[in-house]
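Me: Could you take me through this model feature by feature, giving the general idea before the particular case?

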Amino acid sequence: MSSHTTPGRGTTDLSLIDCDVHQMWADPGEVVQHLPAHWQGRGIDVPTNPWPSPVGLMRDDANAAGGPAGSDPDLMLEQHIEPYDVEYVVLNATGMLTLGVTPNEDYAAALASAQNDWLVERWLERDDCFKGGLVVPPQAPRRAADEIDRLGDHPDIVQVQMSSVGRTPYGRREHWPIYEAAARHDLPVALHIGPEGMGTSPPHTPAGYPSSYFERHALTSTSLMGQLTSMLLEGVFEEFDLDLVLTEGGFSWLPYLRWRLDKDWRGLREQTPWLERPPSEYITDHVRVTTQPLPEPDDPDHLRQMFDMVDARETVMFASDYPHWDADDPRLAFPSLPGDLERRIFRENAAELYGL
């Protein structure tokens, strides 16, 4: 295992942990070779996005030697990690975000294992800065738990990664074997947006299917609101010593949800007798959100106020979303913040959660 050198960020002395970076295979065969023989003929066959972006999804300059963006560890080091002096990146697989809405449970479970073997071989053994999200199939909870038991103790696996939507809300008891296994290995569960409206998932929003990438892009975080509410009210955080990471859905929606849940809990808590505290307290203790896409109000003070509303010193973690076209530059995207808050968001909250 090697270590990269860090020349310093140049314009700031912040220390960074980037909680959402996307790696990709240069060729599907890199992953397919890890599938059982009877699945190899199917290749990588997961639902795809029917709402294409008019400007593409990835940076044009992140393609090395004609491969997909994010497929070259050396280019990622050169282009993102070393210039920004990033200490660790958490890798969330670009090509597997829709694995959780794939209809065939056996294939989804086999593909998750193949992806995770490739992740370890191609990325985690390449450099100490790479930390991985273990992909599991939420549509097959027992198989997902088996996968967590198989690789959950790898020293560079730092979270369990699931699609942000599934056939049923994630608080339902059928999903609890996943949380039991994640807690057993002291791993947080991360939900990453992307598969909304695809495969076996419900429509993209409660209003139905969007018409354009623009409409879809603006409303993706609604799935995270639904999953968080389900897991919290069904008692997941009372039953398990578990943390939840909500990735690439922003956080400007979180103040409303905290206030609404607390208000309703005062009048309706007889329906959730297992909740012993106001829901907002569970959120502060067990839920972490990543910054990208960072809200950009006209008045920067409104963003600072938003950080206060969500207890950002405990709950918010920096994410760039490299190599997406709308990735956030840590030197430019944020307004000036108090030093202690800046350190919590850019490094310390993630270091505590992931044990880094």
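Reply: Let us begin with a helix: 14 of the 20 residues of α4 are buried, so α4 is largely enclosed by the rest of the structure. Buried here means under 20% relative accessible area, whereas exposed means over 50% and partly exposed lies in between, with a 1.4 Å probe and protein chains only. Helices (H or I, at least four residues) and strands (E, at least two) are DSSP runs, numbered from the N terminus. The model is a predicted one, in which local features need pLDDT of at least 70 and side-chain atom pairs count only at pLDDT 80 or more, while totals for chains, interfaces and linings use all residues. Residues are numbered from 1 along each chain as its sequence is written, and side-chain values use heavy atoms, with hydrogens and water left out.

Me: What span does helix α4 reach from its first C-alpha to its last, and which residue has a side-chain oxygen that reaches a backbone nitrogen at the start of α4?
Reply: The expected span of a helix is 1.5 Å times one less than its number of residues. Helix α4 (residues 105-124) has 20 residues and reaches 27 Å, close to the 28 Å expected at 1.5 Å a residue. As for its start, a polar contact is a pair of N or O atoms within 3.5 Å, where within protein one must be able to donate a hydrogen and the other to accept it, and residues adjacent in sequence count only if both atoms are side-chain atoms. At the start of α4, a side-chain oxygen of N104 comes to within 3.0 Å of the backbone nitrogen of D106.

Me: Is strand β4 largely enclosed or exposed, and which way does β4 run relative to strand β3?
Reply: Seven of the seven residues of β4 (residues 157-163) are buried, so this strand is largely enclosed by the rest of the structure. Two strands pair if DSSP finds at least two bridges between them, and four bridges join β3 (residues 130-135) to β4, the two running parallel. The chain crosses from β3 to β4 through helix α5 (residues 141-151) in a right-handed β-α-β crossover. Right-handed means that, with the strands pointing away from the viewer, the path from the first strand over the helix to the second runs clockwise. Within this pairing, L134 stands opposite V160 in β4.

Me: Where do the side chains of strand β5 point?
Reply: In a regular strand the side chains alternate between the two faces of the sheet. In β5, V189 and L191 point one way and A190 and H192 the other way, and all are buried. Strand β5 (residues 189-192) pairs with β4 in the parallel sense over four bridges. The chain passes from β4 through helix α6 (residues 176-184) to β5, again as a right-handed β-α-β crossover. Q161 has A190 as its bridge partner in β5, and M162 stands opposite L191. Strand β5 also pairs in the parallel sense with β6 (residues 244-247), over four bridges, and there the bridge partner of H192 is T247.

Me: How many salt bridges does a search of the whole structure find?
Reply: A salt bridge is a side-chain nitrogen of Lys or Arg within 4 Å of a carboxyl oxygen of Asp or Glu, and the search finds 21 of them. One of them joins R347 and E87, at 2.6 Å from N to O. R347 lies in helix α14 (residues 339-354) and E87 in strand β2 (residues 86-91), so the pair ties together parts that are 260 residues apart in sequence. R347 is partly exposed at 23% relative accessibility, and E87 is partly exposed at 28%. Another salt bridge links R167 and E105, at 2.9 Å from N to O. R167 is in the loop between β4 and α6 and E105 in helix α4, so this pair ties together parts that are 62 residues apart in sequence.

Me: How is an aromatic pair described?
Reply: A pair of aromatic rings is described by the distance of the centres and the angle of the planes. Rings of Phe, Tyr and Trp (its six-membered ring) pair if their centres lie within 6.5 Å, and planes under 30 degrees apart count as stacked, over 60 as edge-to-face and the rest as tilted. The whole structure holds nine aromatic pairs. Among them, W123 and F130 form an edge-to-face pair, 5.1 Å centre to centre with 85° between the planes, and both W123 and F130 are buried.
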